[in-house]
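I opened this model to go through its fold, its chain contacts and its charged pairs. My notes follow in the order in which I looked things up.

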Number of protein chains: 2
Amino acid sequence: MRSRREYPEHPLVGVGGLIHKDGKILLIRRKFEPNKGRWTPPGGLLEVGEDPQEAAQREVREELGLEVEVEGLLHVANEVIKDDEGRVKFHFVLVDYLMRPLGEKVTLNEESDEFAWFEPSAIEGLNSTANTKLIARKYVEAMARRERP
Amino acid sequence: MRSRREYPEHPLVGVGGLIHKDGKILLIRRKFEPNKGRWTPPGGLLEVGEDPQEAAQREVREELGLEVEVEGLLHVANEVIKDDEGRVKFHFVLVDYLMRPLGEKVTLNEESDEFAWFEPSAIEGLNSTANTKLIARKYVEAMARRERP
């Protein structure tokens, strides 16, 4: 089955949330392509007419059953995945927001089979994506800026 | 004539460059819809497989004949324009980078009929877009952060 996300005519906008608490960040393990089986922040496609920040909050609500407060834009990443012939199979521009959870309880939907809170440094050893590792580094930088007097 | 940008199935990614020099920013006056006749930063559509930052440099090169150095991500904005029936006619997610010009000479292409360097505060009085005004404010904030010890 070929999803409408494959071989797009234009890059698609993905929105996501890096949810953090006490210096740890929340990742989920994806059940579907792209990046099936890998740890990433929760997120999904921006829909026509929707605001990216509100869409990121909607995705977190759907995937984790969690309400969040958006603290700001964290990073914009480019995710291009090519097929064996070198054609672009997936192209997402990923807009990730830094978020604070407003509740405790996480309830996963069908898109992921695990979630966990990680120290940013722990992500290097995970089966994650290059962009997730980059976002974790951006998070560490953002926290360091906050602590500056 | 209806362009392929109208009534999109998904939001489209626009990339742009806020080029600055000596505290002034470069805007162009657009000859085409959306925002025909208004002052905005140069920019255009991200293409499949392309990196957003490189695409923004390409758009500046095409529209202004200018080489630039990208200093960083400045802002992500949502641009939704509805028709008279309230349907979404245009939806762009605009990723704007802060840029420094590497040359002096500007040569406009067919997409715009004027360019000018403005003080950020001068934009309030221009026929510009809400997002351009927002980007100008983000620029002022970014410059203030730079000057902090």
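**Entry 1: the fold of chain A**

I note at the outset that this is a predicted model. I went through the secondary structure of chain A and found two helices and seven strands. Read from the N terminus, the order of elements is β-β-β-β-α-β-β-β-α.

I then looked up the dimensions.

How much of chain A is buried? I get 50% of its 149 residues. I also looked at contacts in chain A with a separation of 6 or more, and 70% of these come from residues 24 or more positions apart.

**Entry 2: where chain A touches chain B**

I listed the contacts between the chains: 23 residues of chain A meet 23 residues of chain B. The buried area is about 1,900 Å², and carbon and sulfur atoms give 70% of it. On the side of chain A, the most area is lost by His10(A), Pro11(A) and Val48(A), which together make up 26% of what that side buries.

How many salt bridges cross the interface of chain A and chain B? I found zero. For polar contacts, I counted six residue pairs between chain A and chain B, both residues being at pLDDT 80 or more.

I checked which elements of chain A supply its side of the interface. Strand S1 (12-21), strand S5 (68-82) and strand S6 (88-101) each give at least two residues. By class, that side of chain A holds 14 nonpolar, four polar and five charged residues.

**Entry 3: salt bridges**

I turned to the charged side chains next. Side chains of opposite charge can pair when their charged atoms come close. The count over all chains is 26 salt bridges.

I took Arg29(A) and Asp113(A) as one case: they form a salt bridge, with the closest N and O atoms 3.6 Å apart. Arg29(A) is in strand S2 (residues 24-30) and Asp113(A) in strand S7 (residues 112-118) of chain A, so this pair links distant parts of the chain, 84 residues apart.

In chain B I looked at Arg146(B) and Glu71(B), whose side chains form a salt bridge at 3.2 Å, N to O. Arg146(B) sits in helix H2 (residues 130-147) and Glu71(B) in strand S5 (residues 68-82) of chain B, so the pair ties together parts 75 residues apart in sequence. I have Arg146(B) as partly exposed at 48% and Glu71(B) as partly exposed at 33%.

I also noted Glu85(B) with Arg87(B), a salt bridge whose closest N and O atoms are 3.9 Å apart. Glu85(B) is exposed, with a relative accessible area of 62%, because the cut-off for exposed is over 50%. Arg87(B), at 46%, counts as partly exposed.

**Entry 4: backbone exceptions**

I finished with the backbone. Most residues other than glycine have a negative phi, and most peptide bonds are trans.

Which peptide bond of chain A is cis? I found the bond from Glu33(A) to Pro34(A), with omega near -5°. Pro34(A) is in the loop between S2 and strand S3 (39-40) of chain A. In chain B, a cis peptide bond joins Glu33(B) and Pro34(B), with omega about -5°. Pro34(B) is in the loop between strand S2 (24-30) and strand S3 (39-40) of chain B.

For phi, I noted Tyr7(A), which is not a glycine but has a positive value of about 50°. Tyr7(A) lies in the segment before S1 of chain A and is partly exposed at 25% relative accessibility. Tyr7(B) has a positive phi of about 45° and is not a glycine either. I placed Tyr7(B) in the segment before strand S1 (12-21) of chain B, and at 25% relative accessibility Tyr7(B) counts as partly exposed.

Methods:
Residues are numbered from 1 along each chain as its sequence is written. Chains are lettered from A and ligands numbered from 1 in the order in which they are written. Side-chain values use heavy atoms; hydrogens and water are left out. A salt bridge is a side-chain nitrogen of Lys or Arg within 4 Å of a carboxyl oxygen of Asp or Glu. Helices (H or I, at least four residues) and strands (E, at least two) are DSSP runs, numbered from the N terminus. Buried means under 20% relative accessible area, exposed over 50%, partly exposed in between (1.4 Å probe, protein chains only). Contact means heavy atoms within 4.5 Å. Buried area is the accessible area (1.4 Å probe) that two parts lose on being put together, summed over both. A polar contact is a pair of N or O atoms within 3.5 Å; within protein, one must be able to donate a hydrogen and the other to accept it, and residues adjacent in sequence count only if both atoms are side-chain atoms. Ala, Val, Leu, Ile, Met, Phe, Trp, Tyr, Cys and Pro count as nonpolar, Asp, Glu, Lys and Arg as charged, and the others, Gly among them, as polar.
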